[in-house]
Amino acid sequence: MSVPKYFELEDGDRLPRIGFGTWQAPPDVLEKAVDAALEAGYRHFDSARAYENEDALGRALNRWIGGDAAKRKELFVVTKLPPSGNRPESVEEYFEASRRDLGLDYIDLYLIHVPFAFEHVPGDLHPKNPDGSMKMDYSTDLVGVWKEVLKLKKSGRVRHVGVSNMNEEQLSRLCAVEKPACLQVEVHVLFQQKKLIAATKQLGIPIVAYSPLGSKALADVLAAKTGRNYPNLLELPTVLNIAKAHSRTPAQVLLRFLLQHGVACIPKSTDPTRIQQNLSVLDFELNKNEMQELAALDRGEDGRICDFMFFVGAEKHTEFPFKK
Ligand code: A2P
């Protein structure tokens with residue numbers, strides 16, 4: 001089964017199916033990693049205001065662009081409205097802050113990062129109460145936020161708009177206004193999101209998978225907090241056996257599985273060798289048996305890593321997207 005290199009978007013723009021993830025990369029490390037990623041051939045870069053490293057990404061991208069409009073066009077740059085900006089009247093300010101830090105005239109894809117909201121506290125994207133819970137804004141008008149985000153597209157400062165971390169019901173509410181260009185959610189071999197992927201296929205919305213390798217660093221932090229056991233995806237015996245059979249790495253097998261599953265992936269790495277490796281997944285193929293063995297690893301909802309429980313109080317928001 002061959003996998004196309006891009007998702008074709010409705011206006012003919014192309015979303016590369018492998019992108020470069022930047023979550024949890026410290027700015028100085030990220031800047032060098034982006035240089036390596038551009039050199040390796042990545043053109044799709046995923047970022048977010050909430051990652052607090054857009055400026056580092058912007059510096060590296062602009063160095064590479066060097067003022068050449070044709071080179072800018074080669075790139076597909078994504079960023080996201082943070083939870084603190086999830087109010088219609090806040091969209092413009094948060095978007096402009098991202099555009100300024102990235103140093104770009106336009107953004108290729110702007111996503112609503114999550115459906116719930118934090119209070120707007122200048123200078124603090126993750127405002128907390130003294131007891132450690134988040135300063136939540138429980139008054140969110142998600143459809144109102146979506147309408148404001150759509151205005152950014154009309155203004156020409158964004159080419160496409162979409163959403164992240166939304167459930168089917170939320171998607172259908174937004175689709176009633178206008179269909180999002182993509183949905184970015186956690187997807188990996190232990191959490192295959194079969195129902196959501198089938199629903200988005202029906203709607204014609206491409207899925208971009210975050211944490212495609214299981215976000216080991218995040219899983220370690222959560223394991224220390226909750227005592228829960230998060231298996232290392234890169235060490236699953238099925239994955240190791242298939243990797244051996246193809247003389248590939250476990251990460252390449254995990255990514256190839258997702259590509260053949262029909263979704264795009266944004267693996268994060270700051271290591272030049274792994275950065276290169278993660279992009280080299282279009283030149284081998286998993287057979288039907290291997291796909292079935294990997295499909296059997298799905299744990300459904302129990303496989304989810306990023307459940308947002310680290311945002312204490314978010315689960316009480318009426319728009320909290322993950323209900324067991
Ligand atoms: P590093 O940045 O040191 O390479 P995810 O994309 O699912 O969030 O996973 C990111 C994690 O996986 C990071 O800890 C990253 O570490 C690690 N990682 C990325 N690519 C590979 C790879 N090819 N092999 C092993 N680990 C990888």
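The ligand sits in the largest pocket of the structure. On a 1 Å grid over the protein atoms alone, a pocket is an open set of points with protein on both sides within 12 Å along at least five of seven lines, and a molecule sits in a pocket if more than half of its atoms lie within 2 Å of its grid points. The model is predicted, with local features requiring pLDDT of at least 70 and side-chain atom pairs pLDDT 80 or more, whereas totals for chains, interfaces and linings use all residues. Residues are numbered from 1 along each chain as its sequence is written, and side-chain values use heavy atoms, with hydrogens and water left out.

The ligand is surrounded by 14 residues (a heavy atom within 4 Å), the closest being Leu213, Ser215, Ser269, Arg274 and Gln277. By class, this shell comprises five nonpolar, seven polar and two charged residues, Gly being counted as polar. Helix H11 (residues 272-279) supplies the largest share of the shell, three residues; helices are DSSP runs (H or I) of at least four residues.

The structure holds 26 salt bridges, defined by a side-chain nitrogen of Lys or Arg within 4 Å of a carboxyl oxygen of Asp or Glu. One of them joins Asp35 and Arg63, with the closest N and O atoms 3.1 Å apart. Because Asp35 lies in helix H1 (residues 27-40) and Arg63 in helix H2 (residues 54-65), the pair ties together parts that are 28 residues apart in sequence.

Key
1 Å grid on protein atoms, 1.4 Å probe; cavity = no way out; pocket = protein on both sides within 12 Å on 5 of 7 lines; lining within 4 Å. Helix = DSSP H or I, 4+ residues; strand = E, 2+ residues; numbered from the N terminus.
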